[in-house]
Amino acid sequence: MYLTVNGHTTYCYTSGKAFDAAKPTVVFIHGVLNDHSVWILQTRYFAHHGWNVLAPDLPGHCKSAGEAPQSVEEAAAFITALLDALGVQKAALVGHSFGSLIALALAGSAPGRVSQLVMVGTAVPMKVSPALLELSLNQPLKAIDMVNVFSHSMLAPPPSSLGPGTWLYGSSRALMKRVLASDPAGRIFHTGFKACNDYSGGEAAMERAACEVLFILGSNDQMTTPRAAQSIVSKAKRGKVVTLEAGHSLMLEAPEGVLFAMKDFLRP
Amino acid sequence: MPGYSDPGFDTLALHAGAAPDPATGARAVPIHLTTSFVFESSDHAASLFNLERAGHVYSRISNPTNAVLEQRVSALEGGIGAIATASGQAALHLSIATLMGAGSHIVASTALYGGSQNLLHYTLRRFGIDTTFVKPGDIAGWRAAVRPNTKLFFGETVGNPGLDVLDIAAVSGIAHDAGVPLLVDSTLTSPWLIKPLDHGADLVYHSATKFLSGHGTVIGGIVVDGGSFDWEKSGKFAELTEAYDGFHNMVFSEESTVGAFLLRARREGLRDFGACMSPHTAWLILQGIETLPLRMARHMSNTEKVVDFLASHPFVSRVGHPLLESHPSHALARQLLPRGAGSVFSFDLKGSRAQGKAFVESLKVFSHLANVGDCRSLVIHPASTTHFRMTDEALLDAGITQGTIRLSIGLEDPDDLIDDLKRALKAAEKAGA
């Protein structure tokens, strides 16, 4: 569905379902140079199993208008505004990579509005190498190729986002190119990476967060290694870790494992 | 496990889509000859039908062996995914039927495989889909042929029968200006010679019967989506961008930003038209693809030797291969197809229809049959076989003379191929005496 958030037209995937105030809500937040469609399987499942699903395209990404968020905090404020626009007082948040930082920041700044938190493919701090930061600005297509390789760990993934026969290297690359093209200035990649790199409030946010936290990590993740997640895992007061045999694109390389972990964790 | 750059072509040809079988440890791809797959529970069944979980339900829609083939060809073409079909013609039909219905229009190259030409010129017209044919090199003609109801541009990487090379970048540019995708048949080139998606095509398909399989054993097809065409921005494809009553009111372009075509093609096209591939066929094509790089290199080197031989033979009036400077697509082929423009080409004997027949009947190594892209060398004489009903005038219009011979160069010792041709050319000359 389309709605207006902060004065901008915002696309929010709901699996074709109308928002129902009587149902619990779960928000899925995508990562850098991605959009709502990276959650295609998990969002459909929850939308058809008793939940309101809100999977927005972040501002400036694909179907959503506006400027791409310059910081994690700005993106978290956007999610808050999205919840406000729909009158949602409290929701479960699921975020991948950059999206996990956004969800964490919101859980820290407004603990009363987050019922549960799922951080997929995460690390705090989420440092990006200077070379990759520079490449994402000046040679974004080359940076896409590099990030795409770092984000995948297998040449024989299971049936995934488009069903059997999906080639994830290709589909992830095509999506990143599409998102890049949605920003006429071509800076959206760099903006996202810089926001990740600059975010320093993660540990404090986790200390303020009141909810249970599920970490879903990829044992072969080269972007946010399980080791890099240990610091934030240790700060979670009620944290649970599920490690899956996958790379950074966990939702695509291990769609069933991610779904099962979330099914076990998320409660209406 | 991938390293710090994309795996290379030869690695993907062996490994993309396949890992040791977790249940048995089998290293080769297992053949899953089963119609159906047991559900874990009612909820699992419902989730599979509603695309909440990815998996196999029924082998008309998907199958684990076919999925390996689909991933592998996608990887080799640089696509996002693929759908294996019963034949190359089924892949073409599936592509068209997914994108349009009655009242739509296609702009297509004149240089097409006969079966494709028949489908567009006769069969689809019966179903209300009209086609305008344009010579592949007539760039202005492609643009002029666009109508408000145009939904697709279509051509072959190297067109039948003259091996006209399609300027994919130029033609796709015009297609995109018109808000429609370019579909390319890359059967005669295979991804080893050219990846059309890299040059601007949006969809690519193969008759996998030919070089992908490579051994003349099975009929199959496959269509690959590049994921680059923006169906919503185009505004011409309600089939992909509006709720579809026939599948849970799904809006395919909302479900997947880059994969709407594949979602609908599998959920509607395979489900309803049913032109699926047998898993056994998929396995045989996979066997072929494992050696595709090696075979294509040999196809190209043998072709070069045979073309050189024929071009200098006094009883040959024309050799239609872009390797030769005299070919109209020579320069474009060097640019787009640096490894070669394929091993299927025609040449003209200086002789009658009877001499053409004599030539074919004198060959010992080349097999006289109606196929191309086999590991064995093949030959056919169009005037006495595929085009035998046509008048001399109609043949000339199609670029075929009484002495036109089509060859598909295989993997034999090149000296044996040349000896065979030499002997047959002599016999043809004698037949005219």
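## The nonpolar core

In this predicted model, the largest nonpolar core has 214 residues. Leu93(A), Val94(A), Ile102(A) and Ile222(B) have the most contacts inside this core. Helix α3(A) gives the most to the core, with 8 residues. Chain B takes part through two domains: domain 1 (9-288) and domain 2 (293-431) each give at least three residues.

In soluble globular proteins, nonpolar side chains tend to be buried together.

Start with Ile102(A). Leaving aside residues up to four places away in sequence, Ile102(A) touches Ile29(A), Val72(A), Ala75(A), Ala76(A), Ile79(A) and Gly95(A).

Now look at the helices. The axes of α2 (residues 72-86) and α3 (residues 98-109) of chain A come within 8 Å and cross at roughly 70°. An angle from 65 to 115 degrees counts as roughly perpendicular, so α2(A) is roughly perpendicular to α3(A). On the α2(A) side, the contact is made by Val72(A), Glu73(A), Ala75(A), Ala76(A), Ile79(A) and Thr80(A). On the α3(A) side are Leu101(A), Ile102(A), Ala105(A), Leu106(A) and Ser109(A). By class, this contact has 8 nonpolar, 2 polar and 1 charged residues.

## Where chain A meets chain B

How many residues does the contact take from each chain? Chain A gives 34 residues, and chain B gives 44 residues. Four helices of chain A each supply at least two residues of the side that touches chain B: α1 (40-47), α5 (140-151), α6 (168-181) and α11 (255-265). The largest share of that side, 6 residues, comes from α6(A).

By class, the side of chain A that touches chain B has 17 nonpolar, 12 polar and 5 charged residues.

How values were computed:
Residues numbered from 1 in each chain as written. Chains lettered and ligands numbered in written order. Predicted model: local features only at pLDDT ≥ 70, side-chain atom pairs only at ≥ 80, totals over all residues. Axes fitted to C-alpha atoms, helices over the stretch in contact; angles between N-to-C directions. Parallel < 35°, antiparallel > 145°, perpendicular 65-115°, else oblique. Contact = placed C-beta atoms within 7 Å. Nonpolar A, V, L, I, M, F, W, Y, C, P; charged D, E, K, R; others polar. Core = buried A, V, L, I, M, F, W, Y, C linked by C-beta atoms within 7 Å. Buried ≥ 20, exposed ≤ 12 C-beta atoms within 10 Å, placed from the backbone. Domains from an automatic or database assignment.
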